[in-house]
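Let's take a walk through this structure together. Keep the sequence and the 3D view open as you read.

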Amino acid sequence: MAVLSEEQTMLRDMAREWTTNESPVTAFRKFRDLAPACGYDANAFKTMAEMGWAGIVIPEKFGGSDFGWLSLGLVLEETAKTLTASPLASSALAASALVLGSSDAAKATWLPRLASGEVVGTLAIDEGPRHNPAAIATTATKSGDGWTLSGTKAFVHEAHGAALFIVAAQTPDGVGVFAVPADLAGLGLATRKLTDSRSHANVTLANVKVGADAYLGGSDLLDRLLDRARIVTAAEMLGLAEHSFGVTLDYLKQRVQFGQILATFQALQHRMAELFTRIELMRTDVEAALAALDSSTDVPAMASLAKATANDTLHLVSREVIQLHGGIGMTDEYFIAFYIKRARVLENAWGSSTFHRDRYASLAGY
Amino acid sequence: MATAAKEQPDALEAFRSEVQDWLAANFPASLKGKGGAMTSPYGADSAGPEGTAWRKALGGKGWGTPTWPKAYGGGGLSKAHAAILNQEMARIGAWNPIGGMGILMFGPTLLEYGSEEQKLRHMPAICTADIRWCQGYSEPGAGSDLASLQTFAEDKGDHYIVNGQKTWTSGGQWADWCFALVRTDKSKKHEGITFLLIDMKSPGVSVKPIQMISGMSPFCETFFDNVKVPKENRVGEEGQGWTIGKRLLQHERTNISGGGGRMAAAMAQGLVATAKEALGTDAQGRIADPELRARIAKFEMDWRTFLLTTQRITQESKAAGGVSEVSSILKTVGTKLVQERSELLIEITGLQGLGWEGEGFSDAELAATRGWLSGKATTIYGGSTEIQNNVIAKRILGMLDHQ
């Protein structure tokens with residue numbers, strides 16, 4: 001655990017208490033079975049926004065608390081532990097596009113509403129099932145004062161509830177990033193149901209017209225956004241790994257076979273010690289990457305480091321927790337497999353481990 | 001407050017110029033960059049008469065162990081003063097000639113558990129490295145299960161008669177004294193163990209070097225045949241040896257993970273450069289073999305994670321005012337990575353990376369071969385990886401003792 005400020009410790013404890021009491025795993029199951037049209041647990045997100053969490057990375061003058069990325073990461077880690085189906089991460093990433101971007105009009109229009117949780121935003125960058133920001137084919141052509149966008153974005157997370165999409169598209173001068181309201185003519189959704197029961201959709205832009213104010217920045221902005229997406233996703237993954245590990249440890253301490261508590265078997269003890277070690281290393285990278293965002297230090301390499309470590313670690317943990325539970329882990333009535341279903345989605349979002357090792361090496365000049 | 005805050009930096013700066021003057025007068029320029037002498041069993045003395053003089057000068061001033069108490073031969077410096085000493089030494093390429101087991105493991109333990117007489121007798125020669133110490137812990141039948149050790153010290157009134165065999169005695173053939181765990185009570189396991197200091201020149205002590213797979217003999221078998229040890233050489237009470245010995249192992253584990261860390265940090269830059277040279281690069285400057293490139297990247301990332309974790313644990317320990325329980329993972333992670341790096345280097349350089357001796361290999365290549373082989377020991381000694389995993393499962397995860 002990083003050394004936290006008093007405010008950060010309070011925030012983390014508040015998030016932990018709230019998820020434990022108000023948003024346990026049973027709440028996720030209920031959400032999954034009800035499958036609301038907005039694609040997230042609206043009551044939970046409303047309460048989270050009331051606690052100020054939607055504005056953690058938004059400046060105070062736009063109604064946020066400007067509390068920083070480590071603080072946001074602490075909350076996401078806690079809410080991920082119980083699989084809370086909230087668009088907190090997606091909305092914070094959309095907000096950061098506006099904060100980092102150059103459009104004052106877009107900031108004024110959207111940031112106060114994102115900070116209060118009145119609306120949800122999300123990133124619409126990738127166009128295929130694998131993360132590949134070098135292959136953006138959606139086009140943005142000048143039309144009058146504004147732009148016309150055409151193309152299809154794939155597997156956009158929280159698309160069903162989003163009022164604002166942050167869209168990457170090719171302009172005549174290279175990649176541009178645009179703020180696109182969801183209610184514009186020509187914008188359509190096609191649901192893509194994935195294992196995690198969360199909101200994903202392909203977003204089609206058919207000659208969608210936006211104003212000049214919708215342009216937020218170029219490829220630099222896109223890179224900064226993607227690094228933020230990688231790092232907050234890794235923070236969520238840390239929560240998944242920690243909690244599924246903890247649940248499994250508790251299970252091994254009470255399950256009896258051959259007249260013995262499973263936790264007393266050395267074969268299982270060493271596997272758990274290995275997982276514990278790996279999760280501690282994962283925590284190091286996730287916290288260091290969040291801190292790197294707050295201090296603007298070496299962010300690209302730290303983002304790739306954190307995401308690759310998070311991918312590899314959660315991959316192993318999510319497999320092992322099912323095996324260590326035995327047959328009960330295979331039943332839908334029990335909840336441990338919810339974690340692997342969410343884990344794989346996040347592993348594939350914003351870059352697999354091979355993507356990030358390649359990127360890390362390139363950044364380091366080899 | 002303002003005055004105090006102003007005075008302190010002045011005092012530190014005065015100390016800095018004192019250090020500069022003293023180093024100018026005592027550190028021979030010819031020794032600059034010869035700190036590698038410390039890896040020799042003879043330490044600073046292997047750098048010739050000037051090395052010995054430098055050891056006696058710095059050790060005599062207590063600055064080889066700058067923060068240890070002055071009364072026992074240390075420097076008695078605050079951490080801030082010691083940091084200045086380190087900075088000034090680094091600035092002129094001076095190195096600390098005081099090392100070995102006395103400093104790394106035994107000294108801190110004796111400071112904690114030794115009697116006043118023992119500290120006054122043994123610490124000064126540890127601080128000057130005039131006396132070399134070796135560790136008598138492991139036995140042929142007591143490795144990971146150290147507490148099953150059998151070397152017996154029979155009570156003869158004012159002395160003990162010690163019989164038994166120790167093994168993996170690092171530097172036993174060069175040591176003047178041995179700190180050893182012996183059994184004084186056969187009816188109890190852990191509580192029957194006692195911590196003794198044994199003069200290696202005592203009649204009945206003999207050592208036999210063990211040749212290792214690396215070709216080197218850094219360890220010995222040590223035999224005790226009716227060795228007389230005065231009771232004044234017992235540290236703590238009878239039966240307290242396990243507690244004292246375990247404390248000492250904490251110093252050892254810290255040093256193994258940290259030592260491995262320093263070694264690999266010094267080497268880390270070389271891995272990519274070596275790979276570019278041996279494998280070539282493509283038009284974008286990438287290492288030409290994509291699979292090896294990916295594995296090099298994975299190693300470099302894992303290594304960075306390890307270094308960040310040591311930093312994190314240090315910060316957390318400071319903030320919490322105690323050792324973080326997570327520190328138990330550092331030894332297993334650090335040693336595994338150092339071994340992985342050696343294996344990766346061989347894969348990159350091919351047969352050139354397996355040179356044993358003779359023509360056609362650089363000194364660095366030959367050292368890497370020996371380091372690869374001797375490095376296999378790091379996951380075995382100081383508590384093997386399996387023992388560390390037992391400790392994590394039992395102490396941190398609260399899984400019950402295995403059968």
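This is a predicted model: local features need pLDDT of at least 70, side-chain atom pairs count only at pLDDT 80 or more; totals for chains, interfaces and linings use all residues.

An unreviewed UniProt entry lists "domain: Acyl-CoA oxidase/dehydrogenase middle" for residues 134–227 of chain B. Over that stretch the chain is 0% helix and 51% strand, and the end C-alpha atoms are 17 Å apart. UniProt also has an annotation, again from an unreviewed entry, called "domain: Acyl-CoA dehydrogenase/oxidase N-terminal", which covers residues 54–128 of chain B. This span reads 63% helix and 0% strand, with its end C-alpha atoms 10 Å apart.

Now zoom in on strand β4 of chain B, residues 177–183. Is β4(B) enclosed or open? Seven of its seven residues are buried, so β4(B) is largely enclosed by the rest of the structure.

What does β4(B) pair with? On one hand there is β1(B), which runs parallel to β4(B) and is joined to it by four bridges. If you want a spot to look at, find Q135(B), whose bridge partner in β4(B) is F179(B). Then there is strand β5 of chain B, residues 193–199, which runs antiparallel to β4(B) and is joined to it by seven bridges. There, W177(B) stands opposite D199(B).

The aromatic side chains in this region are worth a look as well. Over all chains, the structure holds 23 aromatic pairs. In one of them, the ring centres of W133(B) and F179(B) are 6.5 Å apart and the planes sit at 40°, so the pair counts as tilted. This pair links distant parts of the chain, with W133(B) in β1(B) and F179(B) in β4(B), 46 residues apart. Both W133(B) and F179(B) are buried. They also belong to one aromatic cluster, made up of F106(B), W133(B), Y137(B), W177(B), F179(B) and F195(B).

K61(B) lies over the face of W63(B), at 4.9 Å from the ring centre. Likewise, K231(B) lies over the face of Y160(B), at 5.3 Å from the ring centre.

Next, the cysteines. How many disulfides does the structure hold over all chains? The count is zero. With a relative accessible area of 1%, C178(B) is buried. In chain A, by contrast, C38(A) has 24% relative accessibility and counts as partly exposed.

For residues 221–360 of chain A, an unreviewed UniProt entry gives the feature "domain: Acyl-CoA dehydrogenase/oxidase C-terminal". The chain is 79% helix and 3% strand over this span, and the end C-alpha atoms are 19 Å apart.

Elsewhere in chain A, Y40(A) and F45(A) form an edge-to-face aromatic pair, 5.7 Å centre to centre with 80° between the planes. Both residues are buried. Which residues does S86(A) touch, not counting those up to four places away in sequence? They are Y40(A), F45(A), M48(A), E158(A) and R198(A). S86(A) sits in the loop between α4 (69–81) and α5 (88–100) of chain A, and its relative accessible area of 9% makes it buried.

Finish at A44(A), in helix α3 (residues 42–50) of chain A. A44(A) is buried too, at a relative accessible area of 7%. Leaving out residues up to four places away in sequence, A44(A) touches W18(A) and T84(A). Y339(A) is 295 residues from A44(A) in sequence and 19 Å from it in space, C-alpha to C-alpha.

Note on methods. Residues are numbered from 1 along each chain as its sequence is written. Chains are lettered from A and ligands numbered from 1 in the order in which they are written. Side-chain values use heavy atoms; hydrogens and water are left out. Rings of Phe, Tyr and Trp (its six-membered ring) pair if their centres lie within 6.5 Å; planes under 30 degrees apart count as stacked, over 60 as edge-to-face and the rest as tilted. Buried means under 20% relative accessible area, exposed over 50%, partly exposed in between (1.4 Å probe, protein chains only). Helices (H or I, at least four residues) and strands (E, at least two) are DSSP runs, numbered from the N terminus. A charge sits over a ring if NZ of Lys or CZ of Arg is within 6 Å of the ring centre and within 35 degrees of the ring normal. Two strands pair if DSSP finds at least two bridges between them. UniProt positions are given in the numbering used here, feature names are shortened, and annotations may be inferred rather than shown by experiment. A disulfide is a pair of cysteine sulfur atoms within 2.5 Å. Contact means heavy atoms within 4.5 Å.
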